[in-house]
Amino acid sequence: MNQITFSKRLLGFILLTIVGSYLFIFLERDSPGTFLYNAGTFLYTVIPLGASFILLIASRKSHKKEKNFWLFLSLGYFSSFLAILVWDYYDFVRDVDVPFPGIPDLFYMIQYVFFFSALLYRVKAGKSRSLFTRQIIDILIVMLVAIAFSWSFLVQPIVTNPQFAGMYQFVSMGYAIGDIGLLILAFSILIMSPTMIQRNSLIFIFMGLIVQAVADSIYVYLQASVSYTSWSYIDPLYLFAYMLIGFAGYNRIKLGNSECLFMGTDSRMKMSSTFRLLIPYGALVALSIFVLTSEDHHNHLILITSVMSMCLIILRQVLTIIESKQFLRQYEQKEKELNFNEQRFRSLFDHNEDAVISLDRVGRINSINERAIQLSGYQPHEIISERLMNLLMEKDVGRIRRLFRVAICGKSTSAEVKVILHDQEEKSLFVTLVPIFIDEKVKGVFCIARDITENKKNEEKISFLAYHDPLTNLPNRRLFEEKLSKAIENAKQKNTTLATLFIDLDFFKVINDHFGHETGDIILVQVARRIQGTLLPQDMVMRHAGDEFIVMLMDRQTEHEVEQVARKISERISEPFIVGRHEIRVTSSIGISLLSDEVSDPEKLIRNADIAMYRSKGQGKNQYCFYEEEKEEQSSRDLTIEKELGTVLQTNQLTVYYQPQLNIMDGNIVGMEALVRWIHPELGMISPNEFIPLAEKNGSIFDINEYVLVEACKQAKHWHVKGLPIKISVNISPQQFYHQKNLSEVVQSALEVSGLDGSYLELEITEAIVIHKRGTAIEKLNELKKLGVSISLDDFGTGYSSLSYLTDLPIDTIKIAREFIEKMDQRKEVQIILSSIVTMANELGKRLIIEGVEEMEQLRVLEDMKCYLMQGYLFYRPADAIKTNEILEQQLLKEHVSKE
């Protein structure tokens, strides 16, 4: 049952109870002692208690500003209950007439006190001082008029009757004054209550108080005429009043504490202002007519109340004039504030960096600011009164319409939309819809739009770069692996072949070194396009790193189809590239891995293709190989080495070995060559021949060379401190020599960190360094020489040897390669050439060191040629710092003994 239905039924029950009460009085009041008589008496007694209880609950459930009002009403009706209870005690228990005045009348007087308290609280609550004063004056006027009428019709007959004296007169006048208070309380509710018809709690209180005042007046009149008895015909009026007040409390409980009946009474009066103004004037007019028409118009009390009412009317008019002047000043101030706020609003509206559009409740454009004109390209006359929805793209209309409805309901909301501007340009906007409130009602909506077109483009670009390679625009590993995972599941369901191809460009480093990285980038872009041109739409290619690409082939039925694609890719890459005036040829090594039961995850597919690619490189490059587990052990080793090169320094797996250089004339060690070694935790000792080429390819060679240089200098300084002035030799790779722009700074830093004098450091370069860019090489070598270091030409005689190097380059030492020494005992010509080099080096004043001496016969021949500085396994193998320290300590001991 809903609340409205229940309220209607409860009100019907009240009316039915009143009708039943009158039937009861008519049928049973002369039959005391019967069940119906006793039941009626009990009902009459407990109804004020019930009303008091309901009002108490209303006090607890109502807004805090009106709690005391309902509490005073509750206490008033509880006093009424006590009065009736005492009355019943006299009437039924003692079976005597109820005395008048008596104890019941005391409780009725207390009831009036609580009602007056409720009146004062009600008048004061939520009022401004001026309104409170004016309403008090209105109430006083009505009260004076009521006193005049009450005196004429109720009080004066009692006062002038000689048989009524003392307490009788006092109590009778108390009822009269109390009734006046009830009327005033009722009319104050009528005058001061906003939306009274809707707030039915107040209308029922008004009705209840009026009914009780009427009943009290009749009761006093009957007492004065000594004609009142229990169960008089006025008693149901009290019952009716109690039930109406109780029903008002019930309605207040339903309303809850979220809304206050006293809030906003200054601004939300719903009764007409004319009616409120007429009440005091109407009361005074009624009193004046009564005075003029009454036979007792010379009565002093009536004249006094008339004069006092007139004075209050004059006072009210004076206050109204003063208040009007104050209001006028406030109006002028408000007008200034309104004008100021209007200017502020116009500034915010017209000069806002965002486009601002004012819409009415149906979405028509009322006004737009300058930014909106610039953004849209429309002039105001073109779109004023036009619907905003007509400017949106069709796909956004429904969403914006929903958001507009939200704003019309009083809630701000926002969204991103796309619009078509006047010049047909599409723009992305971030739109905020803000409701326009006027008198607490939504009269329209502000549409605030910010142009985020560039932001959206940047977001799309960032999103693209997060999944694509910026050079080739190919997918990156992140996107590729996501697609590959889905493709694997799809291939399993369709039972089709899926393959990954790992493609590496052969000798691409040479292209970068010779033609420059810009040319290399152009070729990489063209390679990407050529690979894409060989694929089906469902396939995918990604740039893995540097010159490596990975291809995913989907929906292939056989291994042969995969092989055909690999061959086509290889052929397309092998076609010449035209870059500027150059025709450049590139080949590729391709590894292929097929999806199988054993290989079914993206990472393993890519790794196996990578391993197969290394095998294709090992077999001569420019070919493709399928992954075959039994053949991939070496390729897997190469892949592991390349993958872990990047972290080899951080994991402390590199160490420096030293190989002594001897003067065979006295057997003393005159120098050390620093050689890098990689001690892998699983693969063991890895030869430099394995990892140095890979390090040069991936760029980690710079960090490795710098590490060896610093460690070697520190170790040489350590030997010097111990009394062994050993010269240390460190290799410089061609890549480091040409591409490390701060090479001199790196060398100088190593000398400063170690404290080693530059004259004890020898930098070894290979002949390959001076093949190209000879002028640049000489310039760099001279720059290094300024640090005090010496330069050694390593592996002399193995490749592009030219005797002119020995005079042109600032070289201090020539090192004869091991390969040259190995052929010495096989070919007589080699000995002749070597002898000539030795003679020439001695004549030019160059130190000459022979590398790779491993046999006694080689030593004998070299001695005959007057070669005295040598290095090789015949004397010492490369060893770590600890072992080398032991060798040097033995030499130091030997020198010490010889001196003694």
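The model is predicted, and residues are numbered from 1 along each chain.

**Stop 1: strand E6**

Start by selecting residues 497–505, which make up strand E6. Nine of its nine residues are buried, so the strand is largely enclosed by the rest of the structure. In a regular strand, side chains alternate between the two faces of the sheet. Show the side chains to see both sets: Thr497, Ala499, Leu501, Ile503 and Leu505 lie on one side of E6, with Leu498, Thr500, Phe502 and Asp504 on the other, and all are buried.

Strand E8, residues 548–556, runs antiparallel to E6 and is joined to it by seven bridges. To find your place, look at Leu501, which stands opposite Val551 in E8. Strand E11, residues 588–594, also runs antiparallel to E6, again with seven bridges. Here the pair to pick out is Ile503 and Ile590, which stand opposite one another.

**Stop 2**

Next, select residues 654–663 for strand E13, where nine of the ten residues are buried.

Then show residues 869–871, strand E21, which pairs with E13 in the antiparallel sense over two bridges. Which residues are the bridge partners of Leu662? In E14 the partner is Ile669, and in E21 it is Met870.

**Stop 3: helices H15 and H19**

Select residues 477–494 for helix H15 and residues 602–618 for helix H19; their axes come within 9 Å and cross at roughly 110 degrees. The two helices are therefore roughly perpendicular to each other. Zoom in on the contact, where Arg477, Phe480, Glu481, Leu484, Ser485 and Ile488 of H15 meet Pro602, Leu605 and Ile606 of H19. These residues divide into six nonpolar, one polar and two charged.

**Stop 4: Asp354**

Finish in the loop between helix H10 (300–350) and strand E1 (355–360), where you will find Asp354. Is Asp354 buried or exposed? Its relative accessible area is 13%, so Asp354 is buried.

Beyond its neighbours within four places in sequence, Asp354 is in contact with Asn369, Arg371, Ile448, Ala449 and Arg450. Display the side chains of Asp354 and Arg450 to see the polar contact of 2.9 Å that joins them. Lastly, select Phe430: it is 76 residues from Asp354 in sequence and 9.9 Å away in space, C-alpha to C-alpha.

How values were computed:
This is a predicted model: local features need pLDDT of at least 70, side-chain atom pairs count only at pLDDT 80 or more; totals for chains, interfaces and linings use all residues. Side-chain values use heavy atoms; hydrogens and water are left out. Axes are lines fitted to C-alpha atoms, for helices over the stretch in contact, and angles run from 0 to 180 degrees between N-to-C directions. Helices (H or I, at least four residues) and strands (E, at least two) are DSSP runs, numbered from the N terminus. Angles under 35 degrees count as roughly parallel, over 145 as roughly antiparallel, 65 to 115 as roughly perpendicular and the rest as oblique. Contact means heavy atoms within 4.5 Å. Ala, Val, Leu, Ile, Met, Phe, Trp, Tyr, Cys and Pro count as nonpolar, Asp, Glu, Lys and Arg as charged, and the others, Gly among them, as polar. Buried means under 20% relative accessible area, exposed over 50%, partly exposed in between (1.4 Å probe, protein chains only). A polar contact is a pair of N or O atoms within 3.5 Å; within protein, one must be able to donate a hydrogen and the other to accept it, and residues adjacent in sequence count only if both atoms are side-chain atoms. Two strands pair if DSSP finds at least two bridges between them.
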